[in-house]
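Colleague: Hi! Could we go through the charged pairs in this one together?
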Amino acid sequence: MALLLPSPHVTYPSSSSISHTQLNSNCSLSSFSFQRTLYSSRRLQPQLTVASHLCTTTATTTTTVDTSLLNVAEAFSEDQLWAASCLRVRSFYNFAPTVYAVHDHKRDLAEREFEALKERVAGKREGFRRVSCINATLPLSELSSFSDDLCAECKFSDNGEDRVVVGTLDLNQCLRLPDEITGMKPEGIGADFLRAYLSNVCVAQELHRNGLGYLLVAKSKSVAQDWGITDLYVHVAIDNEPAKNLYMKSSFVYENDEPAWRARFLDRPRRLLLWTGLPGTQL
C-alpha cells in the first residue's frame with residue numbers, strides 16, 4: 001500500500017515543465033506535491049494532478065519485514081529528505097519503457113520535489129505555518145536481499161548506519177491546501193494554527209501490508225499533538241477503498257466531499273475530506 005498528494009502550487013516553485021513522465025495509473029489519491037504530465041511521442045500535455053492520493057499495486061505478493069527494526073520519525077537531514085523525495089517519485093510516477101533517458105527524468109522530478117520539500121520544512125512556503133516530513137526507515141541490510149532498486153534510490157546515512165526510506169508523508173499546519181476542500185474545524189480566531197493536513201503519503205510497494213501506512217499516520221498524529229493541533233485532515237479519492245480503510249482505521253471520519261463539477265474542472269478524481277480530532281493537545 002502506498003499513499004500520496006499533489007498540488008503544483010504548493011510543491012514546486014516552477015513545476016509547470018515536468019517532462020516525459022506519467023503519473024502511476026495505479027495511484028488513486030492521498031498527498032500533495034506533483035504535477036502530472038502525459039507523455040506522447042509527439043508532444044507533452046501538462047495537466048494538474050490532485051492533492052491527495054493513495055497508490056495501490058496490482059502485485060499479489062509483498063515482503064514481510066521485521067518492524068522492530070523500523071524507525072518512524074521526523075526527517076531533518078538533507079540526505080534523508082532526498083531519499084524521501086526519491087521514494088515519492090518512485091511511488092507516483094510510471095515511466096514508459098520507450099521514454100528516453102528515463103533516469104534523467106526521474107532525477108529531475110526528485111530534484112524538484114527535494115527543493116520544494118526543503119522549502120516547506122524550512123518554513124519558507126507562504127500559507128504554511130509549519131511542515132514536517134515524517135519517514136519510516138529500515139536498515140539497508142534488512143532490504144538488500146530483495147530490492148536492489150529500492151535500496152539504491154532511497155538510501156541515506158544516519159550516524160554511520162545505512163538506512164532506506166520505505167514510507168513517507170508530510171504533516172502541514174495550515175488553514176487550507178491549495179485547490180483542495182477546506183476543513184471546517186476548528187472555527188474562529190486562530191483556526192489556522194490549530195488545523196493540519198496530511199499529504200504525500202506513500203509506502204514502497206514491495207512493503208505493502210506491513211502496516212507501515214498506519215504507523216506513519218499514528219506518528220503524524222503524535223507530532224501534530226505536540227504542535228497543539230486539534231483537528232487533522234486528509235483528502236482521499238472517493239473510490240480509493242484501501243486509503244479510506246487505512247484512515248478509518250486511524251479514527252478519521254467523513255466531513256465533506258468535492259463537487260463533481262470541481263473535480264472535472266481540475267481534471268482529477270473526485271475526493272472526500274476526512275477528519276479526526278486530537279485530544280490532549282499541548283498548546
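Colleague: Let's start with Glu113 and Arg120: are they buried or exposed?
Modeller: Both Glu113 and Arg120 are buried. Keep in mind that this is a predicted model.

Colleague: Thanks! What does Glu113 form with Arg120?
Modeller: Glu113 makes a salt bridge with Arg120, and their closest N and O atoms are 3.1 Å apart.

Colleague: How many salt bridges turn up in the whole structure?
Modeller: Searching the whole structure gives 21 salt bridges.

Colleague: OK, what about Lys244, which side chain does it meet in a salt bridge?
Modeller: Lys244 meets Glu241, at 3.0 Å from N to O. The two are about one helical turn from each other, because they sit three residues apart in helix α8 (residues 241-249).

Colleague: And is Lys244 buried or exposed?
Modeller: Lys244 is buried, with 12% relative accessible area. Glu241, on the other hand, is partly exposed at 42%.

Colleague: Changing topic: where do Arg270 and Asp257 lie?
Modeller: First, the pairing: Arg270 forms a salt bridge with Asp257, with the closest N and O atoms 2.7 Å apart. Arg270 is in the loop between α9 (260-265) and β12 (271-277), while Asp257 is in strand β11 (residues 253-257), so this pair ties together parts 13 residues apart in sequence.

Colleague: What are their relative accessible areas?
Modeller: Arg270 has 30%, which makes it partly exposed. Asp257 is partly exposed too, at 24%.

Colleague: Last one! Which residues are linked in a network of salt bridges?
Modeller: That network links Glu180, Glu258, Arg262, Arg268 and Arg271.

Definitions and conventions. Residues numbered from 1 in each chain as written. Predicted model: local features only at pLDDT ≥ 70, side-chain atom pairs only at ≥ 80, totals over all residues. Heavy atoms only, no water. Salt bridge = Lys/Arg side-chain N within 4 Å of Asp/Glu carboxyl O. Buried < 20%, exposed > 50% of the residue type's maximum accessible area, 1.4 Å probe, protein only. Helix = DSSP H or I, 4+ residues; strand = E, 2+ residues; numbered from the N terminus.
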